[in-house]
Amino acid sequence: MNDTIIATQDLTRRFDKLLAVDRLNMQVGRGQVYGFLGPNGAGKTTTVRMLAALISPTSGAAWVDGIALGSEANDTQIRRHVGILTESPGLYDKLSATDNLRFYARLYEVPSGDIAARVQQLLQMMGLWERRADKVGGFSKGMRQKMAIARAMVHRPPLLFLDEPTSGLDPEAARLVRDFIETLRSEGGSIFLTTHNLDEADRLCDRVGVFKQRLIREDTPANLRRQLFGRRVEVQLAQPLSEQQSATLRELPFISDIQTVANSQHPTISIGLSDPEAQNPILVRKLVELGAAVQFVTPLEASLEDVYFSLVNEGEKPQ
Amino acid sequence: MNKAMIIFGKDWQEIRQSIGLIATMLIIPLFFTAIAIGYVMLFGSIGSSSSTSGDNFIALAQLHPEWSGYPRGQVIQGIGAIAAQVFLIVIPITITITIASHSIVGEKEQRTLEPLLATPIETWQLLLGKMLVPLIPGTVAAWVAYAIYVLVLRLIASPLVNNFVVSTPYLILVFLFTPLLTALTVLFSLIISSRVSSARTAQQISSVVFVPLILLFAAQILGVLNINTLASLLVCLVVLLLDGGALLLAVALFQRESILMRWK
């Protein structure tokens with residue numbers, strides 16, 4: 001089995017004069033949760049629609065679960081292999097929860113003998129089994145979103161596209177959805193997640209791609225932080241460092257810079273390091289040798305939000 | 001075909017939940033059948049009266065040589081039966097337009113189209129399913145209405161009328177022309193639905209299908225056109241060709257991507 005679930009090569013989509021997706025080159029590994037981040041109008045939904053064989057690319061190529069996009073037969077095959085949670089839940093309000101899922105199970109060619117058990121399993125998993133006979137028109141937004149996720153998974157697709165899965169949900173429902181994504185990941189499912197919630201992406205995604213018409217940068221969240229902002233430690237002291245202590249500290253070859261942290265109750269300095277795991281013991285030893293009273297040493301990392309805004313503002317810079 | 005039937009089953013399940021649509025499907029056939037029967041009875045009473053008001057209709061009966069020898073009253077009632085045909089044809093068309101507008105634009109209104117198109121359903125299966133939803137109940141309603149019409153006329157109408165409503169051209173009209181015209185209406189509604197965003201607008205625009213129908217029957221009542229067996233078959237052939245053309249147009253307009261973009 002191929003280790004890559006999604007691969008694209010110069011995938012491009014144009015709507016008349018609007019270039020929505022520009023030469024996207026990307027690979028998503030099987031079993032990964034891939035976060036696709038970008039501002040509104042960046043072309044994320046267009047990308048998902050192309051990869052789910054809903055719309056065709058203007059140029060370029062893509063392979064989903066090893067199947068090349070483009071021909072009608074292949075596109076139908078791709079649709080069998082993917083589940084998609086669209087921006088709107090898209091449920092039939094007059095039908096019950098069971099009937100909605102049963103309808104999609106039949107369209108997705110789930111063997112008729114398995115449908116009842118699968119529907120029951122999904123409704124139980126989503127906590128909706130007690131409401132199985134109720135029309136979904138009376139469901140809350142969170143329940144509808146859970147139904148939509150269940151619908152996307154009804155045929156056990158190898159790849160799941162989740163477009164803003166926690167958008168508009170209350171914290172409890174959002175948490176349930178996130179827990180569910182984590183469960184899927186632990187079971188080896190491949191998920192392509194578009195989200196504006198950067199904290200969510202940071203927690204859930206193995207890799208993230210920052211996208212605005214084109215892929216600006218992609219890597220693991222930790223690597224992106226490291227590449228863009230380096231790594232720092234914050235040292236809280238009983239007394240501020242003297243000029244001489246600071247100067248001696250700067251002579252250490254692995255220290256990139258030392259900044260005094262303003263607005264801190266205690267004297268605190270922030271030190272840039274390239275490899276804190278290896279360099280921190282040396283740093284602490286040196287501080288103690290210099291007579292500094294070290295109270296706490298805390299590793300600092302830029303948030304994915306910092307990375308995102310830096311990259312999106314940086315904009316069109318090629319990878 | 002199986003997936004078209006799945007679409008049909010789902011839509012039919014939704015229709016069953018809509019009291020308005022169910023009422024439309026029950027009331028319309030009864031209403032127009034009653035009007036058709038009333039029309040025949042009205043002409044029957046004109047024919048049996050001693051006034052000369054029915055003489056104008058006698059001239060129209062020249063197109064039906066098989067009616068020569070029948071009493072004047074029965075012939076005038078026969079003219080009424082010709083005129084009443086239009087009411088039976090209106091039944092499936094009205095039901096079709098009502099259901100088709102909801103079934104097709106309903107996907108757009110409920111925003112269910114994208115998840116539906118994301119399934120491995122072929123475009124033709126989706127279109128066929130959407131065609132069957134109004135076509136089957138519309139045609140069945142027309143046939144049930146026809147059965148009621150014939151049974152009631154057995155009790156109250158003249159032998160000439162009873163023979164006329166089971167004559168070959170009439171049977172062709174009911175069992176061939178009606179489904180073909182209903183299919184044309186469905187296809188027309190499908191095409192209209194790709195361009196509009198509300199069920200009401202689709203319904204209103206689709207109603208123009210009544211215009212050629214009314215012209216056709218006006219021509220028949222005025223004696224311009226005599227619908228005998230051959231003419232009935234020719235009319236059916238023309239509608240069949242129109243069905244084919246409309247189907248090609250619908251398929252051309254309803255490519256998956258265009259459906260998604262236009263119906264969003």
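Helix 1 of chain B and helix 2 of chain B are roughly perpendicular to each other, a label given to angles of 65 to 115 degrees, while angles under 35 degrees count as roughly parallel, over 145 as roughly antiparallel and the rest as oblique. In this predicted model, local features need pLDDT of at least 70 and side-chain atom pairs count only at pLDDT 80 or more, whereas totals for chains, interfaces and linings use all residues. Residues are numbered from 1 along each chain as its sequence is written, chains are lettered from A and ligands numbered from 1 in the order in which they are written, and side-chain values use heavy atoms, with hydrogens and water left out.

Two packed helices are described by the angle between their axes and the distance between the axes. For helix 1 (residues 2-17) of chain B and helix 2 (residues 19-48) of chain B, the axes cross at roughly 90° and come within 5 Å. Axes here are lines fitted to C-alpha atoms, for helices over the stretch in contact, and angles run from 0 to 180 degrees between N-to-C directions. Helices (H or I, at least four residues) and strands (E, at least two) are DSSP runs, numbered from the N terminus. Contact means heavy atoms within 4.5 Å. On the side of helix 1 of chain B, B:Trp12, B:Ile15, B:Arg16 and B:Gln17 take part, and they meet B:Ile19, B:Leu21, B:Ile22 and B:Met25 in helix 2 of chain B. The residues of this contact are six nonpolar, one polar and one charged; Ala, Val, Leu, Ile, Met, Phe, Trp, Tyr, Cys and Pro count as nonpolar, Asp, Glu, Lys and Arg as charged, and the others, Gly among them, as polar.

Helix 1 of chain B has 16 residues and reaches 23 Å from first C-alpha to last, close to the 22 Å expected at 1.5 Å a residue. The expected span is 1.5 Å times one less than the number of residues. Its buried residues include B:Ile6, B:Ile7, B:Phe8 and B:Ile15, and also B:Lys3 and B:Asp11. Buried means under 20% relative accessible area, exposed over 50%, and partly exposed in between (1.4 Å probe, protein chains only).

Helix 2 of chain B also packs against helix 6 (residues 123-156) of chain B, at an angle of about 35° and with the axes 9 Å apart. This crossing is right-handed, the near helix being turned clockwise from the far one by less than a right angle, and anticlockwise in a left-handed crossing. Among the residues in the contact are B:Met25, B:Pro29 and B:Leu30 of helix 2 of chain B and B:Pro137, B:Ala141 and B:Ala145 of helix 6 of chain B. By class, the contact has 15 nonpolar, one polar and no charged residues.

Chain B as a whole has 12 helices and zero strands. Of its 264 residues, 56% count as buried. Among contacts between residues at least 6 apart in sequence, 81% join residues at least 24 apart. Helix 11 (residues 229-253) of chain B has 25 residues and reaches 36 Å from its first C-alpha to its last, close to the 36 Å expected.

In chain A, helix 3 (residues 97-107) and helix 4 (residues 112-125) pack at about 125°, with their axes 10 Å apart. These two helices of chain A are therefore oblique to each other. A:Asp99 is found in helix 3 of chain A and is buried, with a relative accessible area of 19%.
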